[in-house]
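I opened the model today and kept notes as I went. Here is what I looked up, entry by entry.

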Amino acid sequence: MPVVPQMILICCEGKETEKLYFGILQRMFKVANISIKTFPQVGQHYQLIDECVKKKQEIALAEGFSLDDVEVWAVCDMDAFADNFLKLKAYADDGGVNLAFSSPQFENYILQHFGSPNNSKSRRGVVEREITDILLSKGAGMAYNKADLSWLEDMIDQKPRIVSEAIRHADTYSNHAKQPFFTVQRLTERILFFRTK
């Protein structure tokens with residue numbers, strides 16, 4: 001991965017949440033000295049990685065960049081994934097794609113912003129109720145909605161260090177054979193690397 005690319009290209013499996021999250025990071029940490037483009041709902045797993053390679057080539061050509069000037073990330077989770085994470089990672093590496101993975105789902109990574117809850121291994125639906133319960137207990141007055149992360153933006157505005165704490169919490173889940181498991185925090189770190197100081 002180049003130390004200072006001209007652009008970071010983020011291709012997401014998900015439709016909304018991931019794009020919203022990385023957009024919040026860009027705004028809240030004033031990432032302005034690098035171009036970041038995020039594309040939602042590009043595909044799943046191997047198809048997502050193939051699409052990342054294609055988009056990188058298309059965008060490099062359109063922007064007049066060399067391929068080395070475009071750093072690309074595939075953001076995905078365990079949804080409908082029956083294969084081995086290490087195989088997917090090797091496939092991504094072969095294509096020059098960085099893998100930002102959440103197991104079992106991206107919402108488990110969002111939970112890391114609240115600390116490292118003991119029950120963060122929960123499945124879809126349950127983890128969203130956990131986030132809702134936390135939001136209500138903190139007086140947010142709203143249920144979790146994948147299409148509205150304004151509450152998270154407010155939290156980061158009030159306490160920016162929750163993002164670095166989320167990275168640290170996610171780092172404790174480093175065994176890809178267990179759930180939860182994350183590499184998505186590497187992309188968060190990468191975005192923060194380019195923040196305006």
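Is Phe182 buried or exposed? I checked its relative accessible area, which is 3%, so Phe182 is buried. I am working from a predicted model here.

**Entry 1: the aromatic rings**

I stayed with Phe182 and looked for its ring partners. In one of them, the ring centres of Tyr109 and Phe182 are 5.9 Å apart and the planes meet at 55°, so I logged the pair as tilted. A pair counts as edge-to-face over 60 degrees and as stacked under 30. This pair links distant parts of the chain. Tyr109 is in helix α4, Phe182 is in strand β5 (residues 181–182), and 73 residues separate them.

I then checked the partner. Tyr109 has a relative accessible area of 0%, so Tyr109 is buried. Tyr109 and Phe182 belong to one aromatic cluster with Tyr21, Phe22, Phe106 and Tyr173.

**Entry 2: the nonpolar cores**

Which residues have the most contacts inside the largest nonpolar core? I found Ile10, Tyr21, Phe22 and Trp151. This core has 39 residues. I noted which elements supply at least two residues each: β1 (7–12), α1 (17–28), β3 (70–77), α4 (106–111), α5 (126–137), α6 (150–158), α7 (161–171) and α8 (184–193). In soluble globular proteins, nonpolar side chains tend to be buried together.

I went back to Ile10 and listed its contacts, leaving out residues up to four places away in sequence. Ile10 touches Phe22, Ile36, Lys37, Thr38, Phe39, Trp73, Val75, Leu187 and Ile191.

**Entry 3: helix α2**

I tested the length of α2 (residues 45–63). Its 19 residues, at 1.5 Å a residue, should span 27 Å. I got 26 Å between the end C-alpha atoms, which agrees.

Which residues of α2 are buried? My list is His45, Leu48, Ile49, Cys52, Lys55, Lys56, Ile59 and Ala60. They cover an arc of only 125° around the axis, so they lie on the same side of α2. An α-helix has 3.6 residues a turn, so residues three or four places apart point the same way. I looked at the other side of α2 too, where Leu61 and Ala62 are exposed.

What do the buried residues of α2 pack against? They pack against β1, β2 (35–39), β3 and α3 (85–94). Just after α2, I found Gly64 with a positive phi of about 75°.

**Entry 4: helix α5**

I ran the length check on α5. Its twelve residues should span 16 Å at 1.5 Å a residue, and the end C-alpha atoms are 16 Å apart, which agrees. The buried residues of α5 are Val127, Glu128, Glu130, Ile131, Thr132, Ile134 and Leu135. They pack against α4 and α6. Just after α5, Gly139 takes a positive phi of about 80°.

**Entry 5: charges over rings**

I looked for charged ends placed over rings and noted two. The charged end of Lys55 sits over the ring of Phe39, 4.4 Å from the ring centre. I recall Lys55 from the buried list of α2. The charged end of Arg190 sits over the ring of Phe193, at 5.3 Å from its centre.

**Entry 6: cis peptide bonds**

Which residues does a cis peptide bond join, with omega about 5°? They are Ser103 and Pro104. I placed Pro104 in the loop between β4 (98–103) and α4. I also noted the peptide bond from Gln179 to Pro180, which is cis with omega near -5°. Pro180 is in the loop between α7 and β5.

**Entry 7: positive phi without glycine**

I picked out Lys30, which has a positive phi of about 50° although it is not a glycine. Lys30 is in the loop between α1 and β2. Its relative accessible area is 55%, so Lys30 is exposed.

Gln41 also has a positive phi of about 50° and is not a glycine. I found Gln41 in the loop between β2 and α2. Its relative accessible area is 53%; the cut-off for exposed is over 50%, so Gln41 is exposed.

How values were computed: Residues numbered from 1 in each chain as written. Predicted model: local features only at pLDDT ≥ 70, side-chain atom pairs only at ≥ 80, totals over all residues. Heavy atoms only, no water. Core = buried A, V, L, I, M, F, W, Y, C linked by side-chain atoms within 4.5 Å. Buried < 20%, exposed > 50% of the residue type's maximum accessible area, 1.4 Å probe, protein only. Helix = DSSP H or I, 4+ residues; strand = E, 2+ residues; numbered from the N terminus. Contact = heavy atoms within 4.5 Å. Expected span 1.5 Å × (residues − 1). Arc of directions from axis to C-beta. Phe/Tyr/Trp six-rings, centres within 6.5 Å; stacked < 30°, edge-to-face > 60°. Lys NZ or Arg CZ within 6 Å of the ring centre and 35° of its normal.
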